[in-house]
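Hello,

Here is the structure for you to look over. My notes follow below it.

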Amino acid sequence: MNGVLQGEERALTGSQMSGSLRPFAIGAAVVAVSLLSLQLVASRYGFSGPLPSIVNDFVGTPKSMAVPWGGLALALVGVAARVRVWALASAVAIDLVGIVVRLDAGLPFSVGNGAVIVLTGLALYAVARRDPRGLKAACLGGLLILATKIGDVWLQITTIVRPYVLDEYAQLADHALGNPSWLVGSALAELGPGVYAVLHWVYIQLPVAAIAIAIYQLRGVTTGAWPSHYLVRTFLLIGIVGPIFYILFPVVGPVFAFGPDGDGFQLGNFWPTVVPFDGTPSAIGFDGETPRNCMPSLHTAWALALFVHSRRGPWWLRLGGTAWLVCTLAATLGFGYHYGVDLVAGVVLCLTLESILRDPERGWDRARVRLVAFGAMIMVVLLLSYRYLAVQFGNYPELFGPLILVLMGAVVGMFYATFFAAPGTALATWGGRPSLRPTPSR
């Protein structure tokens, strides 16, 4: 009888495990179809798609050295300490062999193959052991890598479907904010190459900072439950929704449209020394290489998400989140990659999407619905005003500059009241926060 009961228990457990793994199978199918579809688009228009880039991550030269290792680090939060040691040792060994082979063949130095190979092995190991926690962590690490592949293709698509850009409108609207890209760009030129190098490293290593915070948030998942909300979810949602606006409002940025990197398509070499003013803006044709990826600034959105998710960590995590946000804002403006109005839109986008995901245990109460609806409305208002009121923005900066900041500040204030105000205060009551603090999202 005991043998029969144990057999039934094993069968039930196997059925439960199969059910828990089913969402992963569905997700894998969706990702595979997306990658294949994007590869077909890439082949149709003659540029490299995501599949060759994935192959290079396994056996060629990875496009990024940091992202594969970041993905592996994220996957390791879901496995036992013994498995982590073996996984790290294997990844390092594979990369060391790859370095020797690559240098012997005269190829450039690179790492990352070992991380991708071991990450794939961890996913297969989790499937074989029917371990949903380990598979979820491996999938998060894999999604981080695949998201960069999809993003690269999407940026190329923006150049195909939007041959004209709206930089004249964005730059004219930016007069309302005092053209901060010109100001910060001039300041960086005075500060010298050392400051530039630091900001450049911070700018390109944003995923590394995100992984550091995510690892802190997920540090206990092998022995406890996953947190109700964590940074990776926000990062992925921003990466899915944000690029849609690149098609709706195509902009290449000051250093391309008004500076030396325009490759002959720029309106003049104005950035960052001379602020142009054209009261008759129009769409301008641009090359087929420069992504239309300025509006909104997703680097700002992601850096702000880092900042928000670091607020409930220890002091060093809060300090890191603050420093990364400040440095990212300085880099996006100082390198001429974005206008100030791009950053404002990035802030509104981040807080609106974060409001959808944060504190899911609260449900869709009145405060959350109000905040998401208001944030979405402000996003629409900003984009329409940048396009159709750019001349007025440029002519009356003393009116429209404060108005832009008030609209952004209203979203920030509502977000704080809804999710961060101290329980029991009038601000928290208005934001719908209960008198007793619920289990916080991280």
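This is a predicted model: local features need pLDDT of at least 70, side-chain atom pairs count only at pLDDT 80 or more; totals for chains, interfaces and linings use all residues.

**Cores, patch and domain**

Setting aside residues within four places in sequence, L306 is in contact with L206, A209, A210, I213, L231, F235 and W324.

Where does L306 belong? L306 sits in the largest nonpolar core, which has 66 residues. Together with Y386, L306 has the most contacts inside that core. Helix α16 spans residues 340–357. Helix α16 gives this core its largest share, nine residues.

Another core lies apart from the largest one.

In soluble globular proteins, nonpolar side chains tend to be buried together. V55, F58, V59, I94 and I117 make a nonpolar surface patch of about 400 Å². Which helix gives the most to the nonpolar patch? Helix α2, residues 50–59, does, with three residues.

V55 is found in helix α2.

Last, the annotation. UniProt, in an unreviewed entry, places the feature "domain: DUF5933" at residues 28–157. Over residues 28–157 the chain is 80% helix and 0% strand. The end C-alpha atoms of that stretch are 23 Å apart.

Best regards

Terms used
Residues are numbered from 1 along each chain as its sequence is written. Side-chain values use heavy atoms; hydrogens and water are left out. A nonpolar core is a set of buried Ala, Val, Leu, Ile, Met, Phe, Trp, Tyr and Cys residues joined through side-chain atoms within 4.5 Å. Buried means under 20% relative accessible area, exposed over 50%, partly exposed in between (1.4 Å probe, protein chains only). Helices (H or I, at least four residues) and strands (E, at least two) are DSSP runs, numbered from the N terminus. Contact means heavy atoms within 4.5 Å. Patches are made of residues with over 30% relative accessible area and no salt bridge: like charges are joined within 9 Å, nonpolar side chains (Val, Leu, Ile, Met, Phe, Trp, Tyr) within 5 Å. Accessible areas come from the Shrake-Rupley method with a 1.4 Å probe; for residues, only the protein chains shown count as cover. A salt bridge is a side-chain nitrogen of Lys or Arg within 4 Å of a carboxyl oxygen of Asp or Glu. UniProt positions are given in the numbering used here, feature names are shortened, and annotations may be inferred rather than shown by experiment.
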